[in-house]
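Trainee: Let's go through the labels one at a time. I want to know what each one rests on.

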Amino acid sequence: EQQVSHLWLADEVTVYEAYLVRHTQHNKWCAKETMDAVLEVGEHLACQMLNMKQVQASVEDLKQIIAQQGIRAVDADTVLRLLPLRVEDYSDPASKISFRHKTLGEFLVARRLARWGCAEETLRSKVTRCFSKDSPNVGKYFSELLFAQGGASRDRKVREELLPLVLRTRGDDVREVDLVSASNAMALAVRSRFLFSGDFA
């Protein structure tokens, strides 16, 4: 009863992180390197689906992600077995795949954004991709992950990566993508509980 109560009170990010790690650990032989690679592939898959406004991808899409990102620790069969995906036919490259629940994909997108320090892209480039109104939890989960880092680390990332996106819309030559970036950046900064005093003087 105490464990159930604790889980109920836990934030969604903690629950999803624990669920995904537990899901990849259901085979005892699964090494940490394999688990990390599976989650990385899942992040890329979720980002691609969000960017293309898709609710499904294909087995072939998954194989291409693994090849393009140079992820050698896993193959498509391992990812399909260890990620919480719905798969029609493992052996058919054209077979459709989707996350068992939409919010799992949203969490993996947020997880990828929150790890920009070790990713191939900076947050500044990623935030230009509009958080779709059809995927409202991306911003929510991202802010929870960012806030969990806390203190100076969180404030530095907000100040160095997010605020410049807002400030650059003050000029005359403002593109639509800049407005999208600024809107996303402001929403994330606010949700991270960043103190704005003096930053917009």
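Mentor: Start with contact: heavy atoms within 4.5 Å. This is a predicted model, where local features need pLDDT of at least 70, side-chain atom pairs count only at pLDDT 80 or more, and totals for chains, interfaces and linings use all residues. Residues are numbered from 1 along each chain as its sequence is written, and side-chain values use heavy atoms, with hydrogens and water left out.

Trainee: Which residues is Arg191 in contact with, leaving aside neighbours within four places in sequence?

Mentor: Gly139, Lys140 and Ser143. Arg191 itself is found in helix 10, residues 176-191. Helices (H or I, at least four residues) and strands (E, at least two) are DSSP runs numbered from the N terminus. The C-alpha atoms of Arg191 and Glu144 are 8.0 Å apart in space, yet 47 residues apart in sequence.

Trainee: Why does Arg191 count as partly exposed?

Mentor: Buried is under 20% relative accessible area, exposed over 50%, partly exposed in between (1.4 Å probe, protein chains only). Arg191 has 43% relative accessibility, so it is partly exposed.

Trainee: What makes Asn137 buried?

Mentor: Asn137 has a relative accessible area of 19%, so it is buried. Its place is in helix 8, residues 137-149. Beyond four places in sequence, Asn137 touches Thr103 and Glu106.

Trainee: How do you know that Asn137 makes a polar contact with Glu106?

Mentor: A polar contact is a pair of N or O atoms within 3.5 Å; within protein, one must be able to donate a hydrogen and the other to accept it, and residues adjacent in sequence count only if both atoms are side-chain atoms. The side chains of Asn137 and Glu106 make such a contact at 2.9 Å.

Trainee: Why is Lys53 called exposed?

Mentor: Its relative accessibility is 75%, so Lys53 counts as exposed. Lys53 lies in the loop between helix 3 (32-51) and strand 1 (57-58).

Trainee: What is the phi of Lys53?

Mentor: About 55°, a positive value, although Lys53 is not a glycine. Most residues other than glycine have a negative phi.

Trainee: What makes helix 3 oblique to helix 4?

Mentor: The axes of helix 3 and helix 4 (residues 59-68) come within 10 Å and cross at roughly 120°. That angle makes helix 3 oblique to helix 4. The classes are: under 35 degrees roughly parallel, over 145 roughly antiparallel, 65 to 115 roughly perpendicular, the rest oblique. Axes are lines fitted to C-alpha atoms, for helices over the stretch in contact, with angles from 0 to 180 degrees between N-to-C directions.

Trainee: Which residues of helix 3 and helix 4 meet?

Mentor: Val41, His44, Leu45 and Gln48 of helix 3 meet Asp61, Leu62, Ile65 and Ile66 of helix 4.

Trainee: Why is helix 3 called roughly perpendicular to helix 6?

Mentor: Helix 3 packs against helix 6 (residues 102-114) at about 105°, with the axes 8 Å apart. That angle makes helix 3 roughly perpendicular to helix 6. On the helix 3 side the residues include Leu39, Glu40 and Leu50; on the helix 6 side, Leu108 and Arg112 are among them.

Trainee: Glu40 lies in helix 3. What makes Glu40 partly exposed?

Mentor: Glu40 has 25% relative accessibility, so it counts as partly exposed. Glu40 touches Ile71 and Arg112, leaving out residues up to four places away in sequence.
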